[in-house]
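These are my notebook entries on a structure that I am reading for the first time. I set down each thing I looked up, in the order in which I took it.

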Amino acid sequence: VLMTRRVNWAEIFARNKWIFLYFLYLCISTTWSEEPFVAFKRWIKDFGNVILVLVVLTEKNPIDAAKALMVRCSYLLIPGSVLVIKYYPALGRYYDRWTYKPFFGGVATDKNLLGITLFVCGLTLFWILFDLRNSKSQGRDKLEKLTLVGLIAMTLWLLRKANSSTALACTILGAAILVAMRYPTIRVKAQRMGVYGAAGV
């Protein structure tokens, strides 16, 4: 796909040199691994994610493409997780092998991966909902807003079920940042966010 789109590789490398340097370091680090071949195979799998991201970001409108991809994932993964947790517990939950305490994994393999999935999907749904609020057209948008609100409610229910504190905190913080960036006074100071974050840490 990237070859048919005639991607300007030099520009991509120039704009993302730190990411590619990081992956180069990871590739070199496979040579001193205890299992170099296994480590190299894992590096190839991880680098494949970069290629997949580039397929989305080289679309004519990359923001719309990323939004469409994430919304479709949300429409599939969130109701799917609710379905397997509520009605197919043999698929949607698992038990700790020492204490036999039940955990909910939904369509993911464990509660932490479910939390990560919900965090990404939840933020995407908030993002789309805010964009629709600014939209002037009604009709179809009203149904879409109701769908998004329903999916957000499912996400919150799943976050409670997953009991993943990190995912819950990140979702709340991410949603708060999305809301805050709607205000011009905060948006102007966004460049200093890195300094505030470093000071906070």
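**Entry 1: nonpolar cores.** I treat "buried" as under 20% relative accessible area. I also note that the model is a predicted one.

I looked up the largest nonpolar core and found that it has 20 residues. Those with the most contacts inside this core are I78, L114, L118, L125, L148 and L158. Two or more residues of the core come from each of α4 (62-87), α6 (111-133) and α7 (140-162). I recorded α6 as the element that gives the most, with seven residues.

I then took L158 and asked which residues it is in contact with, leaving aside its neighbours within four places in sequence. They are I78, S81, V82, I85 and L118.

**Entry 2: the largest pocket.** I looked up the space in the largest pocket, which is about 220 Å³. I listed its lining as N49, L52, V53, V56, L57, A66, L69, M70 and W127. The elements that give two or more residues to this lining are α3 (36-57) and α4. The largest share, five residues, comes from α3.

I also sorted the lining of the largest pocket by class. It has eight nonpolar residues, one polar residue and no charged residues.

**Entry 3: the second largest pocket.** Here I found about 190 Å³ of space. Its lining consists of R5, V7, N8, E11, I12, R15, N16, L54 and T58. Which helix gives the most to this lining? I found that helix α1 (residues 9-15) does, with three residues. By class, I recorded three nonpolar, three polar and three charged residues in the lining of the second largest pocket.

**Entry 4: cysteines.** I looked for disulfides, for which two cysteine sulfur atoms must lie within 2.5 Å. The count comes to zero. For C121, the nearest cysteine sulfur is that of C73, 6.3 Å away, and C121 is in no disulfide. C121 counts as buried, at 2% relative accessibility.

C170 is likewise in no disulfide; the nearest cysteine sulfur, that of C121, is 14 Å away. I noted C170 as partly exposed, with a relative accessible area of 32%.

**Entry 5: positive phi angles.** I looked up residues that have a positive phi although they are not glycine, and recorded R6 and N163. R6 has a phi of about 50°. I found R6 in the segment before α1. Is R6 buried or exposed? R6 counts as exposed because its relative accessibility is 75%.

For N163, the phi is about 55°. I placed N163 in the loop between α7 and α8 (165-180). N163 is exposed, with a relative accessible area of 51%.

How values were computed:
Residues are numbered from 1 along each chain as its sequence is written. This is a predicted model: local features need pLDDT of at least 70, side-chain atom pairs count only at pLDDT 80 or more; totals for chains, interfaces and linings use all residues. Side-chain values use heavy atoms; hydrogens and water are left out. A nonpolar core is a set of buried Ala, Val, Leu, Ile, Met, Phe, Trp, Tyr and Cys residues joined through side-chain atoms within 4.5 Å. Buried means under 20% relative accessible area, exposed over 50%, partly exposed in between (1.4 Å probe, protein chains only). Helices (H or I, at least four residues) and strands (E, at least two) are DSSP runs, numbered from the N terminus. Contact means heavy atoms within 4.5 Å. On a 1 Å grid over the protein atoms alone, a cavity is a set of points where a 1.4 Å probe fits but cannot get out, and a pocket is an open set with protein on both sides within 12 Å along at least five of seven lines; lining residues have an atom within 4 Å of a point. Grid points are joined across faces, edges and corners, and a volume is the space filled by probe spheres set on the points. Ala, Val, Leu, Ile, Met, Phe, Trp, Tyr, Cys and Pro count as nonpolar, Asp, Glu, Lys and Arg as charged, and the others, Gly among them, as polar.
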